[in-house]
Amino acid sequence: MTTLRSVCVFCGSRPGARPAYAQAARETGTMLATEGWRLVYGAGDVGLMGDTARAAMAAGGKTMGVIPTHLMPHEKGKRDLTQLVITEDMHERKKVMFMNCDAIVVLPGGGGTLDEFFEVVTWAMIGLHRKPIFLLNTENYWDPLLALCRHVVAEDFASASLLAQFRPVAEVEDLREALRGALA
Ligand code: AMP
């Protein structure tokens with residue numbers, strides 16, 4: 001019997017300004033399904049979240065969505081996922097997503113995505129987990145974030161290990177390879 005591997009995807013609840021972002025989200029959803037990995041995400045049917053989930057489902061993949069009650073209407077919580085978990089609050093949502101995945105992928109997104117990214121990165125830094133974290137840098141969207149992280153290290157507000165907690169990848173195919181290595 002093989003163990004189901006799960007990948008948590010953090011990404012924007014909006015589509016962003018460039019078609020490449022939605023394209024990357026769709027490719028990510030399809031890639032996860034074709035590799036046999038379950039998508040764990042925020043359960044919304046909006047923005048890149050919806051694009052990722054719909055693509056994973058269309059390719060026959062398993063999906064787990066986690067959303068707090070109050071966001072069900074705003075983020076159009078998807079009820080046709082393999083599993084939908086409705087939580088009381090955002091903290092529980094992030095915890096359930098984190099506990100149910102083997103690796104974390106961060107696609108382009110806004111403040112919520114940044115919050116999720118820094119939470120898992122800072123948890124890794126203080127030794128709370130060793131789950132691999134990948135940053136999909138579609139059209140160099142995350143370059144300012146990478147520069148900020150380097151600045152934080154250069155100004156000695158974090159050790160250089162901050163930069164070792166996550167791996168930026170340029171394309172979804174790079175992500176596939178990186179995940180294959182991490183989940184092997
Ligand atoms: P965004 O990147 O801002 O579009 O948000 C992506 C996801 O993160 C959405 O499902 C938001 O509900 C969620 N989110 C927004 N703000 C926060 C926050 N402070 N903590 C955790 N998740 C958040």
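**Chatting through the ligand site**

User: Hi! How many helices and strands does the protein chain have?
Analyst: Hi! The protein chain has 7 helices and 7 strands, taken as DSSP runs (helices H or I, at least four residues; strands E, at least two) and numbered from the N terminus. This is a predicted model, where local features need pLDDT of at least 70, side-chain atom pairs count only at pLDDT 80 or more, and totals for chains, interfaces and linings use all residues. Residues are numbered from 1 along each chain as its sequence is written, and side-chain values use heavy atoms, leaving out hydrogens and water.

User: Thanks! In what pattern do they follow along the sequence?
Analyst: Read along the sequence, the pattern is β-α-β-α-β-β-α-β-α-β-α-α-β-α.

User: On to the ligand: how many residues surround it, and which are the closest?
Analyst: There are 16 residues around the ligand, and the closest are S13, E75, G110, G112 and T113. Being near here takes a heavy atom within 4 Å.

User: Which helix gives the most to that shell?
Analyst: That's α4, with 5 residues. Both α3 (90-99) and α4 (111-125) supply at least two residues each.

User: What distances do the oxygen atoms of the ligand have to S13, G110 and G111?
Analyst: An N or O atom in the S13 side chain is 2.6 Å from a ligand oxygen. For G110, a polar backbone atom is 2.7 Å from an oxygen of the ligand, and for G111 a backbone N or O atom lies 3.4 Å from a ligand oxygen. A polar contact is a pair of N or O atoms within 3.5 Å.

User: Last one: what does the C-alpha trace span?
Analyst: Along its principal axes, the C-alpha trace of the protein chain spans about 45 × 40 × 35 Å.

Notes: Polar contact = N/O pair within 3.5 Å; in protein donor to acceptor, adjacent residues only side chain to side chain.
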